[in-house]
Amino acid sequence: MIIASEKRKSNIAEYLLYMWQIEDMIRANNLDIERIKANVIDRYKGLSDAQRNDMTEWYESLIDMMRQEGVEKNGHLQMNKNILSALVALHQALLKDPKFQIYTAEFYKTLPYIVELRSKAGDVKAGEIETCFNALYGMLMMRLQQKEISAQTMDALKQISHFIAVLSHNFKLDEEEKLFDKD
């Protein structure tokens, strides 16, 4: 909750990846708040009782949402889908606006990697931005599992990461109403 709040303010991509990780962590604990308390919340040292209660309520609300939205086994919460949709909408707006040639160039440098990843995804048809996030999340999971990542994959992930960082920066500017001219 505390980390999520900070990430939401500072970097939307990190926030989204963190929230996907939280969804998986909740699933790994069988949507059981007592297990989450023992395995997650109790590991935070120095929390006040109020902070501990706030974290518990936050996890409970996420568990409730996951159950209501039917994403107990897989998939993403609607609030996370909404962020992805907002990023896609911004991506499309940036590509259409000739003032954002640097962004467009970064996208076209990343596109071959996206196309390759999409071809390997099988029946899972994700859009370009979601494909980038899936790749970054996959890298995160591989690192957590201490699996080796090939040099070719690392090159692709570096470009994808850079591109998503540019998109995230633009998202922050847009939220601050500093990106597009207000005619």
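The model is predicted, and local features need pLDDT of at least 70, side-chain atom pairs count only at pLDDT 80 or more, and totals for chains, interfaces and linings use all residues. Residues are numbered from 1 along each chain as its sequence is written, and side-chain values use heavy atoms, with hydrogens and water left out.

The protein chain contains 8 helices and 0 strands (DSSP runs numbered from the N terminus, helices being H or I of at least four residues and strands E of at least two). From the N terminus, the order of elements is α-α-α-α-α-α-α-α. Along the principal axes, the C-alpha atoms fill a box of roughly 50 × 45 × 30 Å.

Helix H2 (12-28) and helix H4 (residues 49-69) cross at roughly 80 degrees, and their axes come within 11 Å. Axes are lines fitted to C-alpha atoms, for helices over the stretch in contact, and angles run from 0 to 180 degrees between N-to-C directions. H2 and H4 are therefore roughly perpendicular to each other (angles under 35 degrees count as roughly parallel, over 145 as roughly antiparallel, 65 to 115 as roughly perpendicular and the rest as oblique). In the contact (heavy atoms within 4.5 Å), Met19, Ile22, Glu23, Met25, Ile26 and Arg27 of H2 meet Trp58, Tyr59, Leu62, Ile63 and Met66 of H4. By class, the contact of H2 with H4 has 9 nonpolar, no polar and 2 charged residues; Ala, Val, Leu, Ile, Met, Phe, Trp, Tyr, Cys and Pro count as nonpolar, Asp, Glu, Lys and Arg as charged, and the others, Gly among them, as polar.

Helix H5 (residues 78-96) packs against H6 at an angle of about 115 degrees, with the axes 8 Å apart. That angle makes H5 roughly perpendicular to H6. The contact joins His91, Leu94 and Leu95 of H5 to Tyr103, Thr104 and Phe107 of H6. Its residues comprise 4 nonpolar, 2 polar and no charged.

Between helix H7 (residues 128-144) and helix H8 (residues 151-175), the packing angle is about 125 degrees and the axes lie 10 Å apart. On the H7 side the contact residues are Ile129, Cys132, Phe133, Ala135, Leu136, Met139 and Arg143, and on the H8 side Met154, Leu157, Ile160, Ser161, Phe163, Ile164 and Leu167. This contact of H7 with H8 divides into 12 nonpolar, 1 polar and 1 charged.

The largest pocket holds about 460 Å³ of space. On a 1 Å grid over the protein atoms alone, a pocket is an open set of points where a 1.4 Å probe fits, with protein on both sides within 12 Å along at least five of seven lines, and lining residues have an atom within 4 Å of a point. Grid points are joined across faces, edges and corners, and a volume is the space filled by probe spheres set on the points. Of the 19 lining residues, Glu116, Leu117, Arg118, Lys120 and Ala135 lie nearest the centre of the largest pocket. Helix H6 (101-120), H7 and H8 each supply at least two residues of this lining, and H7 gives the most, with 6 residues. The lining of the largest pocket divides into 11 nonpolar, 5 polar and 3 charged residues.

The second largest pocket holds about 170 Å³ of space. Its lining consists of Lys7, Glu14, Leu17, Tyr18, Leu136, Tyr137, Met139, Leu140 and Arg143. H7 gives the most to this lining, with 5 residues.
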